[in-house]
Amino acid sequence: MPILRKKLSLQKRVVFLITSVTVIMISTMMVFDTKSLNQSIKEAYVSQISGMTIAINGRYEESRSISDVQQIFDYIQYKNTRVLEMKLYSKDGAILAASDREQVGKRLDPSSVIIPKQDKTIVDRLPMAKSEKPVVRLIAPLQEDGMVVGAVEVIFDSSEESVLLKKRTKLILAVGISIAIILSVLLWLILRTIVIRPLSKLREAAVIVKQGGELPLLQFQTSPEITEVSEAFNDMVKNLDERYRELQQALNTLQITQDQLVQSEKMGALGNLVAGVSHEINTPIGIGVTAITYLDQKTKDFRSLYETGKMKKSDLEQFLSIIGETNAMVQTNLERASSLVRSFKQISVDQSVEVKRTFLLREYLEGIVASLKPSLKKTRLRVDIYCDDGLNLFTYPGALSQIVTNLVMNSVNHAYGPEDEGSLSIRVTEHQDHIQIAYSDDGKGMTQEVLDHIFDPFFTTSRGKGGTGLGMNIVYNLVTQSLNGSIQCLSTLGQGSLFMITIPLEEESEL
């Protein structure tokens, strides 16, 4: 498991940043100061050996005597106890004079022979392994008639300079650390006073407002920025109740508008149902009226025959046959019209009045599909119902009617083209504590983007064709709220759609 790192507070981050910058600046100052001091010491060394080499070169050019140079070495070492060793050697490494006379006449290791250029002094530090104390080696050119013929080497005790450099470094380090500590403490206190405490009070005030408590007026005597924030916070709290009322009013208006739109959608569906059933009823009623008119005319003809005494047995038999056929035709069409009216009446009442009742599910589904036949007649689609004939359901039938109607019409309007053939299926399976209604079509299917928003209010793929985007949202709300169930949609582009609806089974309570 990854370790959660706690974020540093603003106060700690600012102090850490300023302290780091201070330490870096002090370290930079120490580096430059050390370099400057070393340069000064080096220049002092060069100045000292320059005086020595001028004297040595002057004496050597006058007398061309090594013994005179040797005397100068002895005098310099006598007067300056910090001069540990002196040598004068030629370009080939032969030691011509030395403070240690035993080395005179010997030759230096070729790697140790350093001949500086004219008017240039070499200053370097020898490793502590070659001496018990810190020493500096100074090498200056030995000139004869303006030509460099050798070099003068002086080993100089640099203990005093080293001690001075260490003391200077320690002093700067101590001062720098002290400044960093004092600056950090002061910055910590300043931030805590003018930033952290006011922000903490603002946070406490925000928590009080969140919990619905009354908040006293906030006043800070700090920076102008914090004062402006506190004044803005006070203004926000002052207007919070008014804004809350405005938001609540806007929310209520939105809910009322949504309810009106949903009701309008439901009434629109009911209006379509009325228009469709009215059209369906016209056919059997028209046939019945035609049959009765025909029978009336035949009755008049038969009466005329009877009154004139021209009636024959064959006329009576023919009239009786016409009566039977016409009666059967009228009875059949009237029963059909009665069935349509009964189905329409039940479904329309269920949709307009939300009352729970027990009903046979298959019979009710067939009635819903029958009420949709006027719309289905214009298509090449068929609806198949698979449900147990004896399955009783105690719930809101109007909600179920609206759900099935919206699903079927959604398929008719979106899943098929005008000339497409297709099959719509309603399959009901009963379980121990719930029933599952699987509604499917073999139409165009949906993309994942459409599927993700299928139940969102006002989402439609046919906005310019009169779609409101409320049909499937109504289905979702009816399933989840009115029927206390759940709905899931599965679809693949080009392979149809499937809606899985789960409704809990309830028992009708006895009063």
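**Figure 1. Aromatic pairs in the predicted model.** A search of the whole structure gives 4 aromatic pairs; rings of Phe, Tyr and Trp (its six-membered ring) pair if their centres lie within 6.5 Å, and planes under 30 degrees apart count as stacked, over 60 as edge-to-face and the rest as tilted. One of them is the tilted pair of Tyr439 and Phe499, at 6.4 Å centre to centre with 45° between the planes. This pair links distant parts of the chain, with Tyr439 in strand β10 (residues 434-441) and Phe499 in strand β12 (residues 497-504), 60 residues apart. Helices (H or I, at least four residues) and strands (E, at least two) are DSSP runs, numbered from the N terminus. Tyr439 is buried at 2% relative accessibility, and Phe499 is buried with a relative accessible area of 2%; buried means under 20% relative accessible area, exposed over 50%, and partly exposed in between (1.4 Å probe, protein chains only).
The model is predicted: local features need pLDDT of at least 70, side-chain atom pairs count only at pLDDT 80 or more, and totals for chains, interfaces and linings use all residues. Residues are numbered from 1 along each chain as its sequence is written, and side-chain values use heavy atoms, with hydrogens and water left out.

**Figure 2. The rings of Phe455 and Tyr476.** Their centres are 5.4 Å apart and their planes stand at 35°, so the pair is tilted. Phe455 lies in the loop between α10 (448-452) and α11 (471-482) and Tyr476 in helix α11, so the pair ties together parts that are 21 residues apart in sequence. Phe455 is buried, with a relative accessible area of 16%, whereas Tyr476 is partly exposed at 34%. Ring pairs link Tyr439, Phe455, Tyr476 and Phe499 into a cluster.

Figure 3. Ser491 is buried, at 14% relative accessibility. Leaving aside residues up to four places away in sequence, Ser491 touches Gly445, Met446, Leu451, Gly496 and Ser497, where contact means heavy atoms within 4.5 Å.

**Figure 4. Arg427 over the ring of Tyr386.** Arg427 lies over the face of Tyr386, at 4.1 Å from the ring centre. A charge sits over a ring if NZ of Lys or CZ of Arg is within 6 Å of the ring centre and within 35 degrees of the ring normal.

**Figure 5. Two loop residues, Glu419 and Asn484.** Glu419 belongs to the loop between α9 (397-415) and β9 (421-430) and is exposed, at 57% relative accessibility.

**Figure 6. Cys387 and Cys489.** Cys387 is buried, with a relative accessible area of 11%, and Cys489 is buried at 10%. The protein has 0 disulfides, counted as pairs of cysteine sulfur atoms within 2.5 Å.
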